[in-house]
Amino acid sequence: MDGARKPQTPPVLILLGPPGAGKGTQARMLEDQFGLVQLSTGDLLRAAVAFGSKAGKAAKTVMEAGDLVSDDIVIAILRDRLAAPDCAKGVILDGFPRTTAQAEALDQMLGETGQQINAAILLEVDDVKMVVRIAGRFTCGACGEGYHDEFKQPKTAGICDNCGAEQMTRRADDNAKTVMSRLDAYHEQTAPLITYYDDKGVLRRVDAMKDIATIQNALATLTENIMA
Ligand code: ADP
Ligand code: ADP
Ligand code: ZN
């Protein structure tokens, strides 16, 4: 077909980085700005725990200990979510993949629909500072907007800027003890993905020790280039 344009497939962006790096915060902003869909396996797992499904029951104690939930469970949850119609807009993966097995499963899933990873964006941070970010994190239970005691306070204490609800919640696993296990899990099991994506030529690095707005600008520029 002469002159025919290559069919465009929905963009796939991955946000990589340790707990507290700002994946959720930035993914929500990219979702608003570019019409992409944020897929957070952490959120999907917390929903499964709250619902009390079989997967949720298996995941609960693992998450409380700060370990990684089994690849089988997480891959199955992500596969289901990725098949939902809204994902045709393109997705930002937040917290997935976290192991090489998950990365390989993702490649396979995307291959089935002719999609590919446009960028794996590494949010580079200083681990020691992540403890403060995580200990001060809270979230609106109604809309999921994220806040911080020091770095991102709502305009009126206790009331969500985004939806007006008064339902701020803190995660059970956001405590100093669990954070150390989660950072260890990141270095042992997730950090190898930096090389995995670098070898594929899709790795991008962003200094995520900057303030939220500066990082957002860097990510917006990067995303504009990818989607152009
Ligand atoms: P992740 O999804 O990577 O675990 P979050 O986006 O939930 O991280 O951010 C962790 C906490 O740190 C939240 O309370 C958030 O408001 C805050 N935060 C996010 N990005 C920054 C930043 N660049 N500087 C300071 N605090 C931040
Ligand atoms: P954070 O970015 O702050 O670590 P998440 O919400 O992404 O938080 O994840 C919370 C917990 O959910 C993790 O500590 C882990 O137990 C589980 N989890 C989330 N995503 C995955 C994944 N892709 N593989 C295995 N476990 C996961
Ligand atoms: Zn809200």
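Which residue has a polar backbone atom 2.9 Å from a nitrogen atom of ligand 2? In this predicted model, that residue is Gly 95.

## Ligand 2 contacts

Val 69 places a backbone N or O atom 3.1 Å from one. The side chain of Gln 102 has an N or O atom 2.9 Å from one. The protein buries 97% of the 540 Å² that ligand 2 exposes when taken alone.

## The zinc site

Ligand 3 is a zinc ion. Its protein donors are the SG atoms of Cys 140, Cys 143, Cys 160 and Cys 163, at 2.3 to 2.4 Å. The arrangement is tetrahedral, because the four donor atoms subtend angles of 104 to 114° around the zinc ion. Along the chain, the donors are spaced C-x2-C-x16-C-x2-C.

Cys 143 sits in the loop between strand 5 (137-140) and strand 6 (146-148), and Cys 160 in the loop between strand 6 and strand 7 (168-169), so this pair ties together parts 17 residues apart in sequence.

## Exposure of the cysteines

Cys 140 is buried, because its relative accessibility is 2%. Cys 160 is also buried, at 3%. Cys 143 counts as partly exposed at 24%. Cys 163 is partly exposed too, with a relative accessible area of 38%.

The disulfide count is zero, with a pair requiring cysteine sulfur atoms within 2.5 Å.

Terms used: Residues numbered from 1 in each chain as written. Chains lettered and ligands numbered in written order. Predicted model: local features only at pLDDT ≥ 70, side-chain atom pairs only at ≥ 80, totals over all residues. Heavy atoms only, no water. Donors = N, O, S within 2.8 Å, 3.2 Å for Na, K, Ca; no water. Tetrahedral: all angles 85-135°; square planar, octahedral: opposite > 155°, others 65-115°. Helix = DSSP H or I, 4+ residues; strand = E, 2+ residues; numbered from the N terminus. Buried < 20%, exposed > 50% of the residue type's maximum accessible area, 1.4 Å probe, protein only. Polar contact = N/O pair within 3.5 Å; in protein donor to acceptor, adjacent residues only side chain to side chain. Areas by Shrake-Rupley, 256 points an atom, 1.4 Å probe, with all protein chains shown as cover.
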